[in-house]
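This report covers aromatic rings and their surroundings. Please keep the structure open while reading.

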Amino acid sequence: MSKLEIRSPLPGTFYRKPSPDAAAFKEDGASVTEKETIGLIEVMKTFHEIPAGVSGGSIIFLVDDAEPVMAGQVLAEVEA
């Protein structure tokens with residue numbers, strides 16, 4: 001199996017949940033489709049949805065919830 005990377009399009013803070021009390025958009029090991037939202041990036045108090053951009057059988061996140069990220073940083077890998 002190959003692994004496809006999901007990279008951050010922006011620098012900011014990556015959130016795996018839409019709010020502190022909500023469930024994560026996707027849990028480790030879940031399947032994803034390319035249009036599904038996997039998280040949000042906050043940039044200067046503005047939130048940007050991050051779509052998976054790829055489809056696959058299992059997503060593994062490489063960054064934690066509320067972790068600062070750089071543009072181009074790998075957020076997750078998806079098994080294809």
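Tyrosine 15 has 23% relative accessibility, so tyrosine 15 counts as partly exposed. The model is predicted. Phenylalanine 47 reaches 48% relative accessibility and therefore also counts as partly exposed; the cut-off for exposed is over 50%. By contrast, phenylalanine 14 and phenylalanine 61 are buried.

These residues meet in pairs. How many aromatic pairs does a search of the whole structure find? The search finds 2. A pair of aromatic rings is described by the distance of the centres and the angle of the planes.

| Pair | Centre to centre | Angle between planes | Class |
|---|---|---|---|
| Phenylalanine 14 and phenylalanine 61 | 6.3 Å | 35 degrees | tilted |
| Tyrosine 15 and phenylalanine 47 | 6.0 Å | 50 degrees | tilted |

Where do the partners sit in the chain? Phenylalanine 14 belongs to strand S2 (residues 12-15), and phenylalanine 61 belongs to strand S5 (residues 58-61). The pair therefore ties together parts that are 47 residues apart in sequence. Tyrosine 15 is in strand S2, while phenylalanine 47 is in strand S4 (residues 46-51). This pair links distant parts of the chain, 32 residues apart.

Phenylalanine 61 has a further contact. The charged end of arginine 16 sits over the phenylalanine 61 ring, 3.9 Å from the ring centre.

Now the wider region. UniProt, in an unreviewed entry, lists residues 5-77 as "domain: Lipoyl-binding". Over residues 5-77, the chain is 42% strand and 0% helix. The end C-alpha atoms of that stretch are 5 Å apart.

Definitions and conventions. Residues numbered from 1 in each chain as written. Predicted model: local features only at pLDDT ≥ 70, side-chain atom pairs only at ≥ 80, totals over all residues. Heavy atoms only, no water. Phe/Tyr/Trp six-rings, centres within 6.5 Å; stacked < 30°, edge-to-face > 60°. Helix = DSSP H or I, 4+ residues; strand = E, 2+ residues; numbered from the N terminus. Buried < 20%, exposed > 50% of the residue type's maximum accessible area, 1.4 Å probe, protein only. Lys NZ or Arg CZ within 6 Å of the ring centre and 35° of its normal. UniProt positions renumbered as here; feature names shortened; annotations may be inferred.
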